[in-house]
Amino acid sequence: MTNQASIDILTEVLEGLIDSADGYEAAAKIAERDAFQKFFSQRAGARRAMAATVRSEIANLGGTPEADGTLLANAHRVFMKVVAAIQDNDEAAIEAVDDGEEHLREKIKAAMDNAQLLPKSKVAMSQFQGELEADCRMIDQLEDTV
């Protein structure tokens, strides 16, 4: 286990968190219901707070955290814009964030399962799991309402 290995792993998680925040912001723009817009905006803020925690951990390990999401996320946002143009509604917004959240949960699980991640970095990641699971349940409830 090295600091650089943990920095690399945390950078992957950071990209996922930035992507998730951007995805929630895009979903808030295409959602029709005010309650959905508010939920998506709040989740974007929560993901930005998680990203700040990961940036801090990367900096504490001696790394330089990135500020922008991945190219894959840019492709996903383009897809969301196409979906919005065709189908500007709550269902499209929920489907898009659900896909993004699944991707984020997979990134965090992979980080937690990686033996190269330093124990103190795992502690930071473990704090996110409960919130991600709660968000998943809430998204499932939103899907049931549309």
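1. Helices here are DSSP runs (H or I, at least four residues), numbered from the N terminus.

2. Some remarks on the basis of these values follow. This is a predicted model, in which local features need pLDDT of at least 70 and side-chain atom pairs count only at pLDDT 80 or more, while totals for chains, interfaces and linings use all residues. Residues are numbered from 1 along each chain as its sequence is written, and side-chain values use heavy atoms, with hydrogens and water left out.

3. Helix 1 is mostly covered, since 21 of its 28 residues are buried. Buried means under 20% relative accessible area, exposed means over 50%, and partly exposed lies in between (1.4 Å probe, protein chains only).

4. The largest nonpolar core has 22 residues. Such a core is a set of buried Ala, Val, Leu, Ile, Met, Phe, Trp, Tyr and Cys residues joined through side-chain atoms within 4.5 Å. Helix 1 (3-30), helix 2 (34-60), helix 4 (90-113) and helix 5 (119-145) each supply at least two of its residues. The largest share, 7 residues, comes from helix 1. Apart from this core lies another, of 15 residues, including Tyr 24 and Leu 142.

5. Phe 128 is among the residues with the most contacts inside the largest core. Leaving aside neighbours within four places in sequence, Phe 128 is in contact (heavy atoms within 4.5 Å) with Leu 17, Met 50, Thr 53, Val 54 and Ile 108.

6. Gln 129 lies in helix 5 and is partly exposed, with a relative accessible area of 32%. Beyond its neighbours within four places in sequence, Gln 129 is in contact with Ile 108 and Met 112. The C-alpha atoms of Gln 129 and Lys 109 are separated by 8.6 Å, although these residues are 20 residues apart along the chain.

7. Lys 38, in helix 2, counts as exposed because its relative accessibility is 55%.
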